[in-house]
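Subject: Handover of a structure and notes on its contents

Dear colleague,

Please find the structure below. I would be grateful if you could read the notes that follow with the model open beside you.

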Amino acid sequence: MSRRQMHLAAHFPGVNNTTVWADPESKSQIEFSSFEHLARTAERGLFDFFFLAEGLRLREHKGRIHDLDVVGRPESITVLSALAAVTERLGLAATVNATFNEPFELARRFATLDHLSGGRAAWNVVTSSDAFTGENFRRGGYLDRADRYTRAAEFLDTARELWDSWTPDGIPRPFAHRGRHFDIAGEFTLPRPPQGHPVVIQAGDSDEGREFAASAADVVFSRRSSLEDGRAFYADVKRRLAKYGRAPGDLKIMPGVGVVLGDTAAEAQERAAEIRRQQTSPQTALLTLEQIWGVDLSSYDPDGPLPDIDPVVDPALTQGRTRRGDTVAIAEKWRALSREKGLSIRQTVIEAGGRQFFIGTPEAVATELEQFVRYEAADGFILVPHLTPGGLDEFVDRVVPLLQERGAFRTEYRGSTLRSHLGLPEPVRN
């Protein structure tokens with residue numbers, strides 16, 4: 001089988017429990033120097049893009065601000081605009097919600113970032129069915145789950161119409177959109193962006209999300225737990241592209257992964273186990289369990305067995321987080337895992353976390369990453385370091401050179417835009 005070069009991107013650690021804030025090497029997630037350090041490291045490693053998540057309301061658990069949210073989260077496009085001035089080739093990807101924004105304003109902001117950066121902007125389109133978050137916005141409320149993706153699809157189509165609205169000669173043309181969710185008219189304020197359209201990313205694993213990705217996205221940010229799982233997801237999403245007249249290469253699948261290195265396999269495994277323990281403190285383990293069981297479990301011992309009571313549905317216990325689906329089924333699955341392996345609450349939460357890690361020596365990790373691309377489980381990876389901002393340093397210094405020696409990763413940027421890094425064509429003008 002011929003060797004394909006992989007794509008790499010960097011996720012800035014945010015308000016989630018992948019970040020180990022107790023580590024002495026962890027720094028601020030607000031100060032610009034942190035963003036700059038990680039972005040410069042990613043660009044030194046010739047990564048495709050730098051990825052920022054979004055938070056529109058501080059999460060709450062049992063009526064209190066979630067511990068991990070007390071440090072806050074700045075607005076993505078503003079941060080990336082600043083990074084555009086201190087990087088030259090690195091793509092700049094912002095997560096922005098299509099439920100609580102308006103197409104004209106967001107199209108204008110992304111077009112501006114694309115112009116400022118010389119064609120490096122990307123938009124991770126997310127949606128929300130969360131009424132708690134909706135309370136932060138003027139119109140309040142939220143959308144039913146069934147409407148989230150129909151609005152997102154019309155939102156994206158409208159943004160693309162706006163980006164295409166100027167003539168090839170740079171003359172603004174009158175614009176009008178009449179649809180179910182949007183009714184706007186006027187003239188767009190900017191010429192077509194350097195990439196035609198900023199790169200579109202989709203994150204999510206639902207059937208609706210997969211269909212949205214197949215119809216409209218350039219990159220999928222997924223979460224897979226094994227090579228087999230990755231291959232099944234890859235085949236399913238790529239198969240859906242034909243329905244929309246798209247080729248498999250038009251959409252890049254890039255799971256979010258962690259990497260833990262060691263000079264020996266044993267050392268790497270020991271470091272990984274310690275990182276997982278740090279990521280899942282006793283308090284975090286109980287909080288995670290409460291999100292599934294829907295009740296206060298603070299009287300339980302994190303080092304003891306799982307509750308023998310059944311979960312209840314309480315949407316008010318934790319607010320501002322994605323629902324976990326069928327909590328009764330999840331609880332039974334976790335109980336079975338605990339019984340089978342003799343795990344405590346904390347150990348079960350760690351084991352069931354499902355985050356994909358590549359653990360080993362630099363040579364072993366490089367080999368495993370290659371295999372995922374070679375056997376079509378991924379087109380590349382979005383690395384999720386556990387430290388801010390130095391969590392990429394070791395990977396760039398020790399793994400990237402090995403990938404380059406093997407021909408599995410680029411040795412230079414051959415273009416200036418994010419689309420050129422990803423091998424994506426410029427969209428045809430409407």
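Predicted model: local features only at pLDDT ≥ 70, side-chain atom pairs only at ≥ 80, totals over all residues.

Residues are numbered from 1 along each chain as its sequence is written, and side-chain values use heavy atoms, with hydrogens and water left out.

Nonpolar cores

In soluble globular proteins, nonpolar side chains tend to be buried together. A nonpolar core is here a set of buried Ala, Val, Leu, Ile, Met, Phe, Trp, Tyr and Cys residues joined through side-chain atoms within 4.5 Å. Buried means under 20% relative accessible area, exposed over 50%, and partly exposed in between (1.4 Å probe, protein chains only). The largest such core has 77 residues, and F47, F50, W123, F381 and L403 have the most contacts inside it. Seven of its residues come from helix α5 (residues 145-163), which gives the most to this core. Helices (H or I, at least four residues) and strands (E, at least two) are DSSP runs, numbered from the N terminus.

Contact means heavy atoms within 4.5 Å. Leaving aside neighbours within four places in sequence, the contacts of W123 include F110, F155, W163 and I201.

L38 lies in helix α1 (residues 32-44). L38 counts as buried because its relative accessibility is 0%. Not counting residues up to four places away in sequence, L38 touches H11, F12, P13, F50, P385, P389 and L392.

Two helix pairs

Two packed helices are described by the angle between their axes and the distance between the axes. Axes are lines fitted to C-alpha atoms, for helices over the stretch in contact, and angles run from 0 to 180 degrees between N-to-C directions. Angles under 35 degrees count as roughly parallel, over 145 as roughly antiparallel, 65 to 115 as roughly perpendicular and the rest as oblique.

The axes of helix α2 (residues 76-84) and helix α3 (residues 103-117) come within 9 Å and cross at roughly 15 degrees, so α2 and α3 are roughly parallel to each other. In this contact, I77, L80, S81 and A84 of α2 meet L106, R109, F110, L113 and S117 of α3.

Helix α10 (residues 327-341) and helix α11 (residues 345-352) have axes 10 Å apart and pack at an angle of about 110 degrees; α10 and α11 are therefore roughly perpendicular to each other. Here W334, L337, S338 and K341 of α10 meet T348, V349, E351 and A352 of α11.

Backbone features

T388 and P389 are joined by a cis peptide bond, with omega about 0 degrees. P389 lies in the loop between β14 (380-383) and α13 (393-398).

L46 is not a glycine, yet has a positive phi of about 60 degrees. L46 is placed in the loop between α1 and β2 (49-52), and counts as buried at 12% relative accessibility. E376, also not a glycine, has a positive phi of about 55 degrees. The loop between α12 (362-374) and β14 holds E376, which is partly exposed, with a relative accessible area of 41%.

Yours sincerely
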